[in-house]
Amino acid sequence: MDDALRKTLHRDTLAVREAVDRSPYGENSEALYLTSGYVQSSAESSARRFAGDEEGFTYGRYGNPTVTSFERRLAALEGSEAAMGTASGMSAILLMCLGLLKAGDHVVCSQSMFGSTIKLIGSDLAKFGVESSFVPQTDVGAWKAALRPTTRLLFAETPTNPLTEVCDIQALADLAHNAGALLCVDNCFATPALQRPMDFGADIVMHSGTKYLDGQGRVMAGALCASQALVTEKFLPIMKSAGMTLAPFNAWVMLKGLETLDIRLRAQSANALALGRWLEAHPAVARVHNPGLPSHPQHALAMKQQSGIGGAVLSFDVKASNPEQARQRAFHVLDSLRVLSLSTNLGDTKTLCAHPASTSHGRLTEAQRQAAGIGQGLIRVAVGLEHINDMQADLSRGLDTLP
Ligand SMILES: *Cc1c(COP(=O)(O)O)cnc(C)c1O
């Protein structure tokens, strides 16, 4: 497909069409190139490719055509110039930090970021002299107050896990740019089907492909979307030396996943909204969190940023009079499930239910959890594609028989 034609095509079309050229065999489904090395036509051409003066594949750590197809398709959906696939979501964050930061540089993150992100930036990179501040997700003033002359990166995640807090991407992009820093948004929960952070000024979009990009809970993967300059000058050199390489098979699984991303996110989000409304009316439930619900504190902002859709993840608090009873009741609801899965992953077509206080947020102290609003009665539901009545019936098993 030539570039002139590609520019006229809509995102829905690119989601199923954007890829490297077909092989001479004319396959309709994109080829899976399982190879770690590439045969070179001449020593001269090989030298030029290693020097970066000629396009072409040389070695699996430096690139693979199936991975390139995934990168081009994801970039088309996010509206970025380029993208780089990685072995996991966490390795995408590591790649970004190694590419952009040095000792003495400062990062501002939301305190509601994914737990491993807080550990990686707040502790692991601190060993190498990278400084960080963690601020309340929705308080733009707190982000601003945390800026230092050495701030190079603002890193937000919206909506967050598990409370689905939404931050104002445009406001954070303006803050970052006025301070001479970049804004990265972890777009795992909304995906480009609902939210394209670059439309609001973000410089980098980070993904855990493990979640909705795969969409059926099969592979670990990640990606960074950014300008061609950032990808070529900052990320590719680190990929070449550090090797957090995306496996071709996992890239191929995500290529197929991206073809149905839009319809999955819309259908799963509609299920989540219906389940959220039902839970809000249930007498055993204290509170429900999903940006699609009018009761959500950032509902209006979320509707503006997320194509009018709340996303497929919700969480809810079981009513209880103390933390011990709350934990016992949440466990009862989870242990009563017979159809939905008790699993801490998300982004699957199968609905996954989890207890954040004892799993993803289990390493925090009770005080830290209380500050983050993650109580013992909180249950997260990553809503899938089962029939809504079956989801309600499965959650009712526990909610209607609380100890
Ligand atoms: C899962 C997840 C990650 C980490 O991705 P992995 O693929 O598990 O390494 C980062 N951010 C968010 C929001 C996630 O849900």
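**Questions on a predicted model**

User: Is C167 buried or exposed?
Analyst: The relative accessible area of C167 is 2%. This is a predicted model, in which local features need pLDDT of at least 70, side-chain atom pairs count only at pLDDT 80 or more, and totals for chains, interfaces and linings use all residues. Residues are numbered from 1 along each chain as its sequence is written, and side-chain values use heavy atoms, leaving out hydrogens and water. Because buried means under 20% relative accessible area, exposed over 50% and partly exposed in between (1.4 Å probe, protein chains only), C167 is buried.

User: How many disulfides does the structure hold?
Analyst: A disulfide is a pair of cysteine sulfur atoms within 2.5 Å. The cysteine sulfur closest to that of C167 belongs to C184 and is 11 Å away, too far for a bond. For C353, which is buried at 0% relative accessible area, the closest cysteine sulfur is that of C188 at 19 Å, also too far. The number of disulfides in the structure is zero.

User: Which residues do ring pairs link into a cluster?
Analyst: Rings of Phe, Tyr and Trp (its six-membered ring) pair if their centres lie within 6.5 Å; planes under 30 degrees apart count as stacked, over 60 as edge-to-face and the rest as tilted. A search of the whole structure finds four aromatic pairs. The cluster linked by ring pairs consists of F50, Y59 and Y62.

User: Which residue has its charged end over the ring of Y62?
Analyst: A charge sits over a ring if NZ of Lys or CZ of Arg is within 6 Å of the ring centre and within 35 degrees of the ring normal. Y62 is also part of the aromatic cluster. At 5.0 Å from the centre of the Y62 ring, the charged end belongs to K240.

User: Where does L34 lie?
Analyst: L34 is exposed, at 64% relative accessibility. Helices (H or I, at least four residues) and strands (E, at least two) are DSSP runs, numbered from the N terminus. In these terms, L34 lies in the loop between α2 (11-17) and α3 (43-51).

User: In which loop are P159 and P162 found?
Analyst: The peptide bond from T158 to P159 is cis, with omega near -5°. Another cis peptide bond, with omega about -5°, joins N161 and P162. P159 is found in the loop between β4 (151-157) and α8 (169-178), and P162 likewise lies in the loop between β4 and α8.

User: What is the phi of T164?
Analyst: T164 lies in the loop between β4 and α8. With 1% relative accessibility, T164 counts as buried. Its phi is positive, in a residue other than glycine, and is near 55°.

User: What is the relative accessible area of S307?
Analyst: S307 is placed in the loop between α13 and β9 (313-318). Although not a glycine, S307 has a positive phi of about 55°. S307 is partly exposed, its relative accessible area being 40%.

User: How far apart in space are P297 and T138, C-alpha to C-alpha?
Analyst: P297 is found in the loop between β8 (285-289) and α13 (299-305). P297 counts as exposed, at 72% relative accessibility. In sequence, P297 and T138 are 159 residues apart, while their C-alpha to C-alpha distance is 9.8 Å.
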